[in-house]
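The sequence and the structure are shown first.

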Amino acid sequence: MSHNIYYRKTMIEFNKIKSIFDTHSSFIITSHVNPDADAIGSELALCYYLKSLGKSVRIINFSETPAYLNFLDEENLIEHFKETLHAEAILKSEVILVVDLNQLSRTMEMEKHIRKSKAALMCIDHHENTEKFSEDLFVDIEYTSTGEIVYELLASDSSYKMDYKAALNLYAAIMTDTGSFKYDRTSSRTHRIAAHLLELGVNPRETHNKIYDQGSKGKLQLLGRALSSFSCEGNGKIGIMTITKKDIGETKTVEADIDGFINHCLTVSGVVIAIFFVEIEDGIKISFRSIGNIPVNKLAGEFGGGGHFNASGARFPNGKLDEIKLKVIEAAKKYIIE
Ligand SMILES: [Mn+2]
């Protein structure tokens with residue numbers, strides 16, 4: 001199959017990435033704290049590729065791989081950062097390749113070692129507002145995912161034969177970061193890439209199931225509570241859900257189980273702003289989502305938070321849930337375009 005007909009016009013110079021790969025022999029790949037499928041999938045696909053070029057490669061992450069993503073790392077290549085084990089390796093590596101992050105601080109304790117290292121530091125990513133932590137930032141925010149960039153990088157090397165393992169990882173990366181192929185940046189090209197990955201043996205049903213359908217009973221019960229709490233404000237344009245500490249305790253769940261719940265607010269006709277209040281150990285966490293031209297990053301900014309135009313968040317370290325809700329909902333009403 002020829003890939004070049006699917007090429008996008010990107011600012012990313014794949015040739016430059018390739019020449020860094022060609023002129024060095026030892027690589028450390030890392031990504032952000034609490035890695036998602038885009039982080040893990042991109043790291044592993046790059047690792048397989050670099051190994052195929054005869055390079056020595058280690059993947060070292062600050063966080064352990066979440067259990068639901070272990071199936072991506074068949075050979076257990078990903079190492080969990082420990083200063084005593086890895087500080088020296090980071091210092092001595094020729095190249096440090098960070099993926100799927102725009103701030104080096106997202107590598108947590110690894111950051112200081114990376115900054116101290118004389119390694120060539122490079123980054124492949126698709127987030128906005130990249131910190132200029134390296135000369136070699138390969139960033140394009142038009143991409144759905146880091147996985148999609150990595151796919152095109154690998155496909156641009158005509159002597160590389162992508163196999164099932166790499167395809168599975170890139171499919172998981174792209175599927176999750178596109179919300180299963182529905183977010184705005186999803187393009188015909190994204191689907192063509194996915195088609196090629198299926199041709200390499202990826203099973204879409206099975207992959208989706210492994211990532212999304214392995215939740216606990218408590219998680220489903222927690223979702224039930226979140227859905228029951230749903231209410232509207234601002235003439236039905238603001239959808240609100242709330243989870244309390246009691247809800248989390250009684251369902252024996254953790255904060256991370258709430259991921260994705262907020263999207264249910266936007267399934268209600270007329271709702272254009274979603275607000276999700278979660279009572280956590282140390283305060284109140286608020287997530288915002290919006291549809292269309294409503295900058296919820298600005299709304300979050302009113303409360304010391306931030307994020308993307310259509311997806312953002314803020315935290316209150318203390319305060320009463322009811323009072324904070326009133327304040328935030330009042331602020332949100334200003335963003336409704338009548
Ligand atoms: Mn990503």
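Axes are lines fitted to C-alpha atoms, for helices over the stretch in contact, and angles run from 0 to 180 degrees between N-to-C directions. The model discussed here is predicted.

**Helix packing around α5**

Helix α5 covers residues 146-155 and packs against helix α7, residues 188-199, at an angle of about 65°, the two axes being 11 Å apart. Angles of 65 to 115 degrees count as roughly perpendicular, and α5 is therefore roughly perpendicular to α7. The crossing in which α5 passes α7 is left-handed. On the side of α5, Glu 148, Tyr 151 and Glu 152 take part, and they meet Arg 189, Thr 190, Ile 193, His 196 and Leu 197 of α7. Sorted by class, this contact holds 3 nonpolar, 2 polar and 3 charged residues.

α2 passes α5 in a left-handed crossing. Asp 38, Ser 42, Ala 45, Leu 46 and Tyr 49 of α2 form the contact with Thr 146, Gly 147, Val 150, Leu 153 and Leu 154 of α5. This contact divides into 6 nonpolar, 3 polar and 1 charged residues.

The table lists the angle and the axis distance for each pair.

| Helix pair | Angle | Distance between axes |
|---|---|---|
| α5 and α7 | about 65° | 11 Å |

**The manganese site**

Which residues supply the protein donors of the manganese ion? They are Asp 38 (OD), Asp 100 (OD), His 126 (NE2) and Asp 177 (OD), at 2.1 to 2.3 Å from the ion. Along the sequence, their spacing is D-x61-D-x25-H-x50-D. Asp 38 belongs to helix α2 (residues 37-52), whereas His 126 is in the loop between β5 (120-125) and β6 (136-139), so this pair ties together parts that are 88 residues apart in sequence.

Is Asp 38 buried or exposed? Its relative accessibility is 0%, and Asp 38 therefore counts as buried. His 126 is buried as well, with a relative accessible area of 6%.

Asp 100 is located in the loop between β4 (95-99) and α4 (110-116). With a relative accessible area of 2%, Asp 100 is buried. Its phi is near 60°, a positive value in a residue other than glycine.

**Two further loop residues**

Met 108 is also placed in the loop between β4 and α4. Although Met 108 is not a glycine, its phi is positive, at about 55°. Its relative accessibility is 40%, and Met 108 therefore counts as partly exposed.

Ser 31 lies in the loop between β1 (26-30) and α2. Ser 31 has a relative accessible area of 0% and is buried. Leaving aside residues up to four places away in sequence, Ser 31 touches Ala 39, Glu 43, Asn 61, Val 99, Asp 100, Leu 101, Arg 106 and Thr 107.

Conventions
Residues are numbered from 1 along each chain as its sequence is written. This is a predicted model: local features need pLDDT of at least 70, side-chain atom pairs count only at pLDDT 80 or more; totals for chains, interfaces and linings use all residues. Side-chain values use heavy atoms; hydrogens and water are left out. Helices (H or I, at least four residues) and strands (E, at least two) are DSSP runs, numbered from the N terminus. Angles under 35 degrees count as roughly parallel, over 145 as roughly antiparallel, 65 to 115 as roughly perpendicular and the rest as oblique. A crossing is left-handed if the near helix is turned anticlockwise from the far one by less than a right angle, and right-handed if clockwise. Contact means heavy atoms within 4.5 Å. Ala, Val, Leu, Ile, Met, Phe, Trp, Tyr, Cys and Pro count as nonpolar, Asp, Glu, Lys and Arg as charged, and the others, Gly among them, as polar. Donors are N, O and S atoms within 2.8 Å of the metal (3.2 Å for Na, K and Ca); water is not among the atoms, so sites may look incomplete. Buried means under 20% relative accessible area, exposed over 50%, partly exposed in between (1.4 Å probe, protein chains only).
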